[in-house]
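Dear colleague,

Please read them alongside the coordinates when you have a moment.

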Amino acid sequence: MKRFDEFDLSSESLRALQKLGIEECTSVQEKSLGPMLAWRDTIVQAPTGTGKTFAYGLPIVEHSPGQGDGPLALILSPTRELAIQIDADIKSLCVERPEVQSLVLYGGQRLSAQSRALRDHPQIVIATPGRLIDHYKRRNIDFSKLRTLILDEADRMLDMGFIDDVRYIMSLLPRNIQIGLFSATLSREVLDISWIYQKDPVEVVVEAENQDKPKIQEYYVVANGIERVEAIEDILRKEDLRRSLVFVNMKQSADICARKLASKGLKSGALQGDMAQAQRNRVMERFRSGEIDILVGTDVAARGLDIDDVEVVFNYDLPPESENYIHRIGRTGRAGREGLAFTFVAPGSEAEFDLFCRRLHIRPKRYVWERPAKTSERLSAEAEAELVERIRAQSQWLKKPHEERYDPLASARQGQRGRRGSRRDRAFTSQGSSGRKPSGKRRSGRGRRSGESRPSSK
């Protein structure tokens with residue numbers, strides 16, 4: 001494996017890498033740095049967690065002059081979390097070059113603050129497509145001097161429905177710019193973008209068998225929904241694990257699962273798309289600081305997280321798209337560490353899961369989880385209590401009169417008649433207790449004087 005000092009990199013970049021404790025390239029960096037430094041278009045496919053950000057980040061920093069009107073490089077990201085992480089990585093590469101500035105643009109922040117930052121003409125801009133278009137339409141950003149465009153997680157960006165936004169943005173850029181597409185998988189949409197916009201691109205494919213492949217041991221667990229929280233608790237305890245990601249398919253499931261884990265005494269939090277940006281930032285900060293150990297999220301979070309110390313990933317729900325499985329488990333086993341991945345499979349669905357694995361060319365081992373006796377007894381007690389409650393409700397329903405069983409308004413009408421009768425009884429009781437006799441006079445009809453007689457029926 002090549003070392004970074006074997007490439008034509010500046011002394012500032014080499015010192016920045018030395019401060020990060022990085023000396024050797026990964027496979028994707030070794031194959032991509034040369035073409036990117038030579039201003040060639042590239043299309044790169046590599047597993048998640050193999051260092052793709054530095055593969056394009058170093059050439060961008062090298063191509064950025066000390067001063068000049070920006071932006072000179074634009075990096076598009078599908079999610080806010082990933083954009084923030086890319087910005088942090090770029091800043092770590094510019095630590096020896098403070099004159100090179102980067103700026104991250106994403107939704108959830110005030111446009112006015114971002115507009116003021118854009119007036120400083122940062123050389124490198126990292127943005128989500130929607131927010132970048134907002135600034136362009138407000139004339140806050142100028143692409144006339146742009147020289148490099150990077151689409152990070154290109155497949156995910158196009159799968160999430162950003163293909164029209166990406167094409168619109170690319171139509172605004174100068175024609176003779178360097179374009180790099182970096183992705184874990186090469187979908188048809190990514191290849192279409194490459195065919196339309198790139199010029200004689202260099203193709204870089206890093207196979208999963210290479211030595212820098214994330215070291216992830218994959219297992220599957222046969223358990224139904226009510227047992228999965230119990231299984232997560234038991235696996236974390238038996239395997240002595242703490243830092244965990246749990247992926248679900250629905251936003252509501254993220255909140256429910258996080259609450260159930262918290263009820264077990266596990267420090268957990270939820271991250272899903274309906275949360276405000278400030279809430280998402282707080283949850284991420286709590287997870288990074290170690291205040292919570294388990295983060296439950298949807299696939300939106302799968303591409304936005306770049307945390308090196310995640311020990312285990314749980315697929316609480318099998319992902320609806322097989323490609324998402326790769327991105328989910330890629331959140332562990334990063335930076336040369338080993339990781340674990342557990343996928344829950346419903347009883348009786350093993351054949352479907354086997355087909356799922358064949359499509360991805362993976363062979364996870366079965367993890368035999370034996371439900372503890374106390375768990376079985378507790379679940380049985382809960383089921384028995386629920387059955388008793390249902391029988392009690394059924395018996396109360398059978399005791400009701402026939403009309404009230406099938407007419408839900410009957411009891412309400414009966415109650416109203418009862419209340420009217422009780423008011424009438426109270427009125428007669430109060431009259432009798434006062435010692436007064438009824439006057440015998442009838443109240444006059446509406447619109448007649450008290451002395452006026454009723455009209456004759458003739």
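The side chains of D354 and R358 form a salt bridge, with a distance of 3.2 Å from N to O, in what is a predicted model. Both residues belong to helix α14 (residues 350–360), where they stand four residues apart, or about one turn of the helix. R358 is exposed, its relative accessible area being 59%, whereas D354, at 37%, counts as partly exposed.

A salt bridge also joins R188 and D192, at 3.1 Å from N to O, and because these residues are four apart in helix α8 (residues 188–197), about one helical turn separates them. Here R188 counts as exposed with a relative accessibility of 62%, while D192 is partly exposed at 27%.

The salt bridge between R15 and E96, whose closest N and O atoms are 3.3 Å apart, links distant parts of the chain: R15 sits in helix α1 (residues 11–19) and E96 in the loop between α4 (80–93) and β3 (102–105), 81 residues apart. R15 is partly exposed, with a relative accessible area of 36%, and E96 likewise counts as partly exposed, at 22%.

The count of salt bridges comes to 20, and R3, D5 and E23 are linked in a network of them.

Finally, a patch of negative charge on the surface gathers D159, E189, E321 and E323. Of these, E323 is placed in helix α13 (residues 322–329) and is partly exposed, with a relative accessible area of 36%.

Definitions and conventions:
Residues numbered from 1 in each chain as written. Predicted model: local features only at pLDDT ≥ 70, side-chain atom pairs only at ≥ 80, totals over all residues. Heavy atoms only, no water. Patch = residues over 30% accessible without salt bridge, like charges linked within 9 Å, V, L, I, M, F, W, Y side chains within 5 Å. Areas by Shrake-Rupley, 256 points an atom, 1.4 Å probe, with all protein chains shown as cover. Salt bridge = Lys/Arg side-chain N within 4 Å of Asp/Glu carboxyl O. Lys, Arg positive; Asp, Glu negative; His and termini not counted. Charge placed at Lys NZ, Arg CZ, Asp CG, Glu CD. Helix = DSSP H or I, 4+ residues; strand = E, 2+ residues; numbered from the N terminus. Buried < 20%, exposed > 50% of the residue type's maximum accessible area, 1.4 Å probe, protein only.
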